[in-house]
Amino acid sequence: MKHIKLGDLEVSRIGLGAMGMSHGYTGAGTDDAESVRTVHRALELGVTFIDTAEVYGPYINEELIGRALKGRRDQVVLATKFGLISHTGREGGPDSSPANVRTAVEGSLKRLGTDHIDLYYQHRVDPGTPIEETVGALADLVAEGKIRHIGLSEAGPDTIRRAHAVHPVTALQSEYSLFTRDPEAHVLPVLRELNIGFVPFSPLGRGFLTGAIRSAAQFAPDDFRADNPRFAEENFQHNLRLADEVAAVAAGTGATPAQVALAWLLAQGDDIAPIPGTRRVARVEENTAADALTLTAEQLARLTSLPPAAGDTHNDAQMRMMER
């Protein structure tokens, strides 16, 4: 597995997103034993970058990752996120107040079974707390050794600049894939100017780019994609054509559509480390194999020229929490 740098933090250039092991996609269908095997197999394949968050579950995903990494903690760059749960009683959305930051990190450290978090992200920008105050609280945690690096998630250029002026930001996490190209215009140039790494989540378009999703009827009622605008009937057929184009390129490479989608993303820069999520050993084997796939210039151009996907990436309430 090749490695890249997020700022000055070295990680495998393909990571593992753990959310779906406990939250969002799976509901009652979770299988903790298979999820632990998936983490262990990822480590065997050279993955060193694992991503979770306190809100996944909530809490149970961090606990699961903590169990999976017992005795293996020194093999990984461990990332988690705070701020979507208020521990201070504040209502009305994200809470990144300094008091909440400190309470949240203690809980995550305990659940993950570690004395430090390598990369600690603000999960969503908190309009009720100036970013300078949040980053100041995070800088204190760096000084104390409880976290090593500071990250942001779904933050826009102005927030990124203001945060970085207080303390170096190591990485930004946002949705990015052939299915979601939003960061290219305004966010990626700022990250590269400031030497901040980029961590794309949902790099397979929430499974859509794998070609395995052919109907919204495939989703269980508790699968959050069931009411996601990208998968709504009025957008589904348009977006299906994008997945079919990825599959067509894959047919000419001997790779799978998932591997082609990841290879395209990896080709966008050596400061990008996607975190495809899975809870299955077979899928982590498939995803990590994209590290060895190099697309031709013609294939990259064909994929890059695909039209935008139809529909918002999240519902209205979630979209209001994301900066662009």
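**Reading the model**

Guide: At 1% relative accessibility, Glu154 counts as buried. Buried means under 20% relative accessible area, exposed over 50%, and partly exposed in between, with a 1.4 Å probe and protein chains only.

Visitor: What kind of model is this, and how are residues numbered?

Guide: This is a predicted model, where local features need pLDDT of at least 70, side-chain atom pairs count only at pLDDT 80 or more, and totals for chains, interfaces and linings use all residues. Residues are numbered from 1 along each chain as its sequence is written, and side-chain values use heavy atoms, with hydrogens and water left out.

Visitor: Where does Glu154 lie?

Guide: Glu154 sits in the loop between strand E7 (147-153) and H5. Helices (H or I, at least four residues) and strands (E, at least two) are DSSP runs, numbered from the N terminus.

Visitor: How do I read backbone angles?

Guide: Start with the general rule. Most residues other than glycine have a negative phi, and most peptide bonds are trans. Now the case here. Glu154 is not a glycine, yet its phi is positive, about 55°. Asn195, also a residue other than glycine, has a positive phi near 60°.

Visitor: Is Asn195 buried or exposed?

Guide: Asn195 counts as exposed, because its relative accessibility is 54%. Asn195 is in the loop between H6 and strand E9 (197-201).

Visitor: Which residues does a cis peptide bond join?

Guide: Gly57 and Pro58, with omega about 0°. Pro58 belongs to the loop between E4 and H2.

Visitor: How do I read a pair of packed helices?

Guide: Two packed helices are described by the angle between their axes and the distance between the axes. Axes are lines fitted to C-alpha atoms, for helices over the stretch in contact, and angles run from 0 to 180 degrees between N-to-C directions. Take helix H5 (residues 157-166) and helix H6 (residues 183-194): their axes come within 9 Å and cross at roughly 20°. H5 and H6 are therefore roughly parallel to each other. Angles under 35 degrees count as roughly parallel, over 145 as roughly antiparallel, 65 to 115 as roughly perpendicular and the rest as oblique.

Visitor: Which residues of H5 and H6 meet?

Guide: Pro157, Ile160, Arg161 and His164 in H5 touch His186, Val187, Val190, Leu191, Glu193 and Leu194 in H6. Contact means heavy atoms within 4.5 Å. The residues in this contact of H5 with H6 are 6 nonpolar, 2 polar and 2 charged. Ala, Val, Leu, Ile, Met, Phe, Trp, Tyr, Cys and Pro count as nonpolar, Asp, Glu, Lys and Arg as charged, and the others, Gly among them, as polar.

Visitor: At what angle do H1 and H2 pack?

Guide: About 55°, with their axes 9 Å apart. That makes H1 oblique to H2. In this contact, Asp32, Ser35, Val36, Val39 and His40 of H1 meet Leu64, Ile65, Arg67 and Ala68 of H2.

Visitor: Which residues of H2 are buried?

Guide: In helix H2 (residues 60-68) they are Asn61, Glu62, Leu64, Ile65, Gly66 and Ala68. Their cover includes helix H1 (32-44), strand E4 (49-51), strand E5 (77-82) and helix H3 (98-112).

Visitor: What is the order of the strands in the sheet?

Guide: The open sheet of 7 strands runs E3-E4-E5-E6-E7-E8-E9, with parallel pairing. Strand E3 (16-17) and E9 are the edge strands, each pairing on one side only. Two strands pair if DSSP finds at least two bridges between them. E5 and strand E6 (residues 117-122) run parallel, joined by 4 bridges.
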